[in-house]
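My entries follow in the order of the look-ups.

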Amino acid sequence: MMAAQQRLVARSGDKLDQLLWRDAGLGPGEISRVCDANPGLADLGPILPLGTVVTVPATADTGAPRALPLIQLWD
């Protein structure tokens, strides 16, 4: 099964990695794939202009939910 393509919209002060994490749950390993799908995106600078639309291309969905690493402050 394929995960659907997404369209994300930048808020004030968003950086690409922050937008991808907050709105799509994607990590830094996806940045180059997203930049390839959005020509000229990297030319906008480190902080995206308000309202910039970023397309996240569809990917193969493994069916497994994403698991975040467990961080424990005290052992």
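I looked up Leu8 in this predicted model and found that Leu8 touches Leu19, Leu20, Asp23, Ala24, Thr52, Val53, Val54 and Val56, residues up to four places away in sequence not being counted. Contact here requires heavy atoms within 4.5 Å.

I noted the conventions: residues are numbered from 1 along each chain as its sequence is written, and side-chain values use heavy atoms, with hydrogens and water left out. As the model is predicted, local features need pLDDT of at least 70 and side-chain atom pairs count only at pLDDT 80 or more, while totals for chains, interfaces and linings use all residues.

Helices (H or I, at least four residues) and strands (E, at least two) are DSSP runs, numbered from the N terminus.

I then turned to Asn38, in the loop between helix 2 (31–37) and strand 3. Is Asn38 buried or exposed? Asn38 is buried, because its relative accessible area is 9% and buried means under 20% (exposed over 50%, partly exposed in between; 1.4 Å probe, protein chains only). Beyond its neighbours within four places in sequence, Asn38 contacts Val53, Val54 and Thr55.

Finally, I checked pLDDT, the predictor's confidence in each residue, from 0 to 100. The chain mean is 86, and 85% of residues reach 70 or more. Confidence is lowest in strand 4 (residues 59–60), at a mean of 62, and highest in strand 3 (residues 53–56), at 95.
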